[in-house]
Amino acid sequence: AAMNVTEYPVTVDFIDRVAPVITVKPYASTPTNGSVTVEVTTNEGTLNATSHTFDTNGTFTFVATDAALNASSQEVTIDFIDKTPPVITIGDYIKTPTNQPIRVTASATGGQLVINAFTFRSNGWFEFEASDEVGNKAVTRVTITNIDTTAPDLTIQPYNTLPTNHDVTVTATSTDGALEVASHTFEENGSYTFESYDIAGN
């Protein structure tokens, strides 16, 4: 009997179990107060994103998928974004009326001050500034309104200046100060000095 055989060769060359390779492009990794953009490429397939911009610290996963549905992922974590400004703390200073200069000190957390003390010799304001290594800045203004270097007014009220054989009483007033003695009676010729002080010590 005849043994007839039919052969039909079949070749399969389209099985692909190799996942795409994702390559992360170099990016700056030094501390910054700006945003960081990370870009990637793949040797084949389609990416879910070719870049991602981090406005804050966090993680993003890039995924590449090829025609055979093989997939690979690449996670990128950013932890060096710093957008927090320094904190300036103002030290205690005189807030009651004074006729002396007022020295104000400051300290900073998370940054460096341009100047850490300022002396007010008159009323006004001064701004303390601090910055950190990535450029975040903070400003705190101190306003002084309690320096008073003006002596209080003192007014002598009208009194008799004509020759007399009676005692002469002289009265003084001050609208912005306190008199040690408001009046003085001269029982004989002489002189007397009225003095007035305000709460600032003038």
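How many bridges join β11 to β12? Eight bridges link β11 and β12, and these strands run antiparallel. Before we go further, a word on what you are looking at. This is a predicted model, in which local features need pLDDT of at least 70 and side-chain atom pairs count only at pLDDT 80 or more, while totals for chains, interfaces and linings use all residues. Residues are numbered from 1 along each chain as its sequence is written, and side-chain values use heavy atoms, with hydrogens and water left out.

Let us begin with the sheet that holds those two strands. Helices (H or I, at least four residues) and strands (E, at least two) are DSSP runs, numbered from the N terminus, and two strands pair if DSSP finds at least two bridges between them. Strands of a sheet pair through backbone hydrogen bonds, either parallel or antiparallel. Here, three strands make an open sheet in the order β9-β11-β12, with antiparallel pairing. The edges are taken by β9 (112–113) and β12 (137–144), each with a single partner strand, so one side of each is left without a neighbour in the sheet. Strand β11 covers residues 124–131, and two bridges join β9 to this strand in the antiparallel sense. To find that pairing, look for L113, whose bridge partner in β11 is A130. On the way to β12, E129 stands opposite V139. The hairpin of β11 and β12 has five residues between the strands, and within this hairpin G135 takes a positive phi near 100°.

Now turn to another open sheet of three strands, in the order β3-β5-β6, where the pairing is antiparallel. Its edges are β3 (46–47) and β6 (71–78), each with a single partner strand, so one side of each has no neighbour in the sheet. β3 and β5 pair over two bridges, and L47 stands opposite A64 in β5. Strand β5 spans residues 58–65 and is joined to β6 by eight bridges. Along this pairing, G58 has I78 as its bridge partner in β6, and T59 stands opposite T77.

The hairpin of β5 and β6 also deserves a visit. It has five residues between the strands, and L69 is found in the loop there. Most residues other than glycine have a negative phi, and most peptide bonds are trans. L69 has a positive phi of about 70° although it is not a glycine.

Next, the aromatic side chains. A search of the whole structure finds five aromatic pairs. Rings of Phe, Tyr and Trp (its six-membered ring) pair if their centres lie within 6.5 Å; planes under 30 degrees apart count as stacked, over 60 as edge-to-face and the rest as tilted. The rings of F118 and F126 have centres 4.1 Å apart and planes at 5°, so this pair is stacked. The rings of F126 and F128 have centres 5.0 Å apart and planes at 80°, so they are edge-to-face. F118 is partly exposed, at 27% relative accessible area, whereas F126 is buried at 17% and F128 is buried at 0%. F118, F120, F126 and F128 form one aromatic cluster.

Two other rings have a charge over them, meaning that NZ of Lys or CZ of Arg is within 6 Å of the ring centre and within 35 degrees of the ring normal. R141 lies over the face of W125, at 3.7 Å from the ring centre. The charged end of K95 sits over the ring of Y93, 5.0 Å from its centre.

Finally, look for the largest pocket. On a 1 Å grid over the protein atoms alone, a pocket is an open set of points where a 1.4 Å probe fits, with protein on both sides within 12 Å along at least five of seven lines; lining residues have an atom within 4 Å of a point. The largest pocket is lined by 15 residues, of which V168, F186, E188, N189 and G190 lie nearest its centre.

Definitions and conventions:
Buried < 20%, exposed > 50% of the residue type's maximum accessible area, 1.4 Å probe, protein only.
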